[in-house]
Amino acid sequence: REAFDRASGGVLFVDEAHALVESDKDAFGREALDTLVKLLEDRRGDVVVVLAGYSAEMAALFRRNPGLASRFPHVFDFEAYTAAELGAIA
């Protein structure tokens with residue numbers, strides 16, 4: 001909740017978001033995820049939230065909380081680029 005409050009009016013970027021809930025028995029992680037979903041609903045439009053992580057692990061996270069899919073309707077899957085490809089992009 002504190003991170004969400006600090007991001008008010010801006011962006012909250014959660015890297016490796018799949019690590020929020022390590023397993024179905026992770027009560028602390030589930031509470032954090034449930035709190036995030038509630039804040040997203042209650043304060044819609046106040047904060048842009050970006051969840052980042054590996055595709056398979058993020059899919060597992062979304063399965064753990066079905067409410068995530070409606071709050072994060074856009075998924076961007078980035079390819080793994082080589083150093084040469086990244087240099088060409090830059």
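## Close-up views of the predicted model

**View A. Phe13 stands opposite Val50 in strand 2.** The model shown here is predicted. Strands 1 and 2 pair in the parallel sense, over four bridges. Between them the chain crosses through helix 2 (residues 27–42), and this β-α-β crossover is right-handed.

**View B. Val11, Phe13, Val48 and Val50 make a nonpolar surface patch.** The patch spans about 360 Å². Strand 1 (11–14) and strand 2 (48–51) each supply at least two of its residues. Val11 sits in strand 1. Its relative accessibility is 56%, so Val11 counts as exposed.

**View C. Glu2 and Arg6 form a salt bridge.** Their closest N and O atoms are 3.0 Å apart. Both residues belong to helix 1 (residues 2–6); because they are four residues apart, about one helical turn separates them. Glu2 and Arg6 are both exposed. The structure holds six salt bridges.

**View D. A salt bridge joins Arg71 and Glu41.** The closest N and O atoms are 3.2 Å apart. Arg71 lies in helix 4 (residues 67–71) and Glu41 in helix 2, so the pair ties together parts 30 residues apart in sequence. Arg71 is partly exposed, at 26% relative accessible area. Glu41 is also partly exposed, at 35%.

**View E. Asp46 meets Arg43 in a salt bridge.** The N to O distance is 2.9 Å. Salt bridges with shared partners join Asp5, Arg43 and Asp46 into one network. Asp46 is partly exposed, with a relative accessible area of 24%. Arg43 counts as partly exposed at 24% relative accessibility.

Key: Residues are numbered from 1 along each chain as its sequence is written. This is a predicted model: local features need pLDDT of at least 70, side-chain atom pairs count only at pLDDT 80 or more; totals for chains, interfaces and linings use all residues. Side-chain values use heavy atoms; hydrogens and water are left out. Patches are made of residues with over 30% relative accessible area and no salt bridge: like charges are joined within 9 Å, nonpolar side chains (Val, Leu, Ile, Met, Phe, Trp, Tyr) within 5 Å. Accessible areas come from the Shrake-Rupley method with a 1.4 Å probe; for residues, only the protein chains shown count as cover. A salt bridge is a side-chain nitrogen of Lys or Arg within 4 Å of a carboxyl oxygen of Asp or Glu. Buried means under 20% relative accessible area, exposed over 50%, partly exposed in between (1.4 Å probe, protein chains only). Two strands pair if DSSP finds at least two bridges between them. A crossover is right-handed if, with the strands pointing away from the viewer, the path from the first strand over the helix to the second runs clockwise.
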